[in-house]
Amino acid sequence: MKSRKSDLTMVIVLLSYLLILMDTSLVFTCSTEIIATLKMNATVAPWISNAYSLTFGSLLLLGGKLGDVYGRKKVFIIGLIIFGAFSFIVGISQNTSMILISRALQGVGAAIIAPGTLAIIMDSYTGTKRIRAISIYGMMSGIGVSVGLIIGAGITTISSWRYGFLVNIPIVIFLVILSLKQLPKSNRIAQHLDLVGSIASFAGFLLIINGISGIGPHLISFILGIAAMIFLYLYEKKLINPVLSFKLFHSSTRLLAYLIRFIYSGAITGFWFFTPQLLQSHYQFTPIIVGLAFLPMTMFNFFSAGLVNRLTQIIGSRWLVFVGLIITTVGFSGLILFNDHANFWLQVILPMVVIGFGQGLVLSPITNLAVEKVEPDLSGMASGLINVMLQIGGAFGLAILSKASLFFSSYLQVFHIQSIGITTMSLISLLLTIRLLRFK
């Protein structure tokens, strides 16, 4: 009976996390159809993605803290309801304002769900079972985005982009019912919500993400974001129950794990964003074919992620991250060789398969290193911060690659500079991992 309850907990965690990751990438392959349906201005169109990412990334720490203060089960279910309700409104949107506001509020739900999923694992499992659970959870970081690309392409081609969001509704209802029945009632770990710190962290992350890939003067927004984070540091170090405890960074291992996660997220998000564009512009693939092109990568990602638990016991998380990053960097560098006469299978699919295999070895152990030995009262915060690194790292990497691409005219030149940038980010992550190997 206990085993069955444990299995159902993992179903809740993995399906919830998969859902919010899929909605991050869903728009990559159906944004053209959304723009056409709603007659959106081209300058506003990126906000289909940005509105979700901004609220998702900037509210993650607050989302984790809410679970600590009011109970993780209750807050997690509220997050699911918010996410489901605004998924429905996105799906029935009739104009630009309606879809952008709904996407932003959908991101609020995601910011509550994401830290809750990993915190529930930390609360529910110990020892080798926790390592295995985190391995499976980390696997979802890669597979979720790939599945989102495939589902977005498939639904858009077969029916309408709207169903990509409306399909969330029955899944959310199922998860809410299952959570009410199966998740244990969680105690309040913290007694007070740090309101000033919550506002400062929200403003800091919001302004930083906006400064990277938002609206208005980017540099001013970024500087104001950094200023808000400096204020947050000076304010939070005086508190007993802060929204962000800087004790998390006292561990050199954990600090490096967060940095690697940040930089690697920039590389992999750039790859996910730009590769579908290459497939559509060079090979004239339809959205459904683009989605299917990611299927081999997803399969190898799933396969290698399934090896993580066994390999971790043999060589440890640090060496596994190192090996995975070597493989991933080789895959990224293979894309640099792409040319006008490139063989699709050798110069596109083969590097993608290598990337997928390496990614499956990286994400789970780096997640484990970022949350291992975290005190119970900091587990929600540590979980939130892992996803902050994913969102901000992805936005940062994508902004750098996009700005670099402005200096080139042809799609081939653009893809080459993007491939070089992605490979460089992966290489920096690899160098940081060498440093990580020095710590026990």
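**Entry 1**

I looked up F271 and, leaving aside its neighbours within four places in sequence, found it in contact (heavy atoms within 4.5 Å) with P276, F294, M297, F332, L335, M352, I355 and I422. I note that this is a predicted model, in which local features need pLDDT of at least 70 and side-chain atom pairs count only at pLDDT 80 or more, while totals for chains, interfaces and linings use all residues. Residues are numbered from 1 along each chain as its sequence is written, and side-chain values use heavy atoms, with hydrogens and water left out.

I then turned to the largest nonpolar core, which has 130 residues. I took such a core as a set of buried Ala, Val, Leu, Ile, Met, Phe, Trp, Tyr and Cys residues joined through side-chain atoms within 4.5 Å. F271 is among the residues with the most contacts inside this core, together with I20, I34, I121, W272 and F294. Helix α1 (residues 2-38) gives the most to the core, with 17 residues. For helices I used DSSP runs (H or I, at least four residues), numbered from the N terminus.

**Entry 2: helix α2**

I checked the length of helix α2 (residues 47-58): its 12 residues should span 16 Å at 1.5 Å a residue, and its end C-alpha atoms are 15 Å apart, which agrees. The expected span is 1.5 Å times one less than the number of residues.

I next asked how many residues of α2 are buried. The count is 12 of the 12, so α2 is largely enclosed by the rest of the structure. Buried means under 20% relative accessible area, exposed over 50%, and partly exposed in between (1.4 Å probe, protein chains only). Among the buried residues of α2 I list W47, Y52 and F56.

**Entry 3: salt bridge**

I found that the structure holds one salt bridge, defined as a side-chain nitrogen of Lys or Arg within 4 Å of a carboxyl oxygen of Asp or Glu. The side chains of R72 and D68 meet in it at 2.7 Å, N to O. Both R72 and D68 are buried.

**Entry 4: helix α13 and the nonpolar patch**

I located a nonpolar surface patch of about 440 Å², made by I289, L292, L295, M299 and F300. α12 (287-293) and α13 (295-305) are the elements that give two or more residues to the patch. Patch residues have over 30% relative accessible area and no salt bridge; nonpolar side chains (Val, Leu, Ile, Met, Phe, Trp, Tyr) are joined within 5 Å, like charges within 9 Å. The areas come from the Shrake-Rupley method with a 1.4 Å probe, and for residues only the protein chains shown count as cover.

The largest share of the patch, three residues, comes from α13. F300 lies in α13 and counts as partly exposed at 38% relative accessibility. A305 is also placed in α13, but counts as buried at 5%. Beyond its neighbours within four places in sequence, A305 is in contact with M139 and G360.

**Entry 5: loop residues**

I336 lies in the loop between α14 (308-335) and α15 (344-371), and its C-alpha atom is separated by 9.8 Å from that of G421, 85 residues apart along the chain.

I also recorded two positive phi values in residues that are not glycine: about 55° at Q284 and about 60° at K373. Most residues other than glycine have a negative phi. Q284 lies in the loop between α11 (252-282) and α12, and K373 in the loop between α15 and α16 (379-405). Q284 counts as exposed at 57% relative accessibility, as does K373 at 74%.
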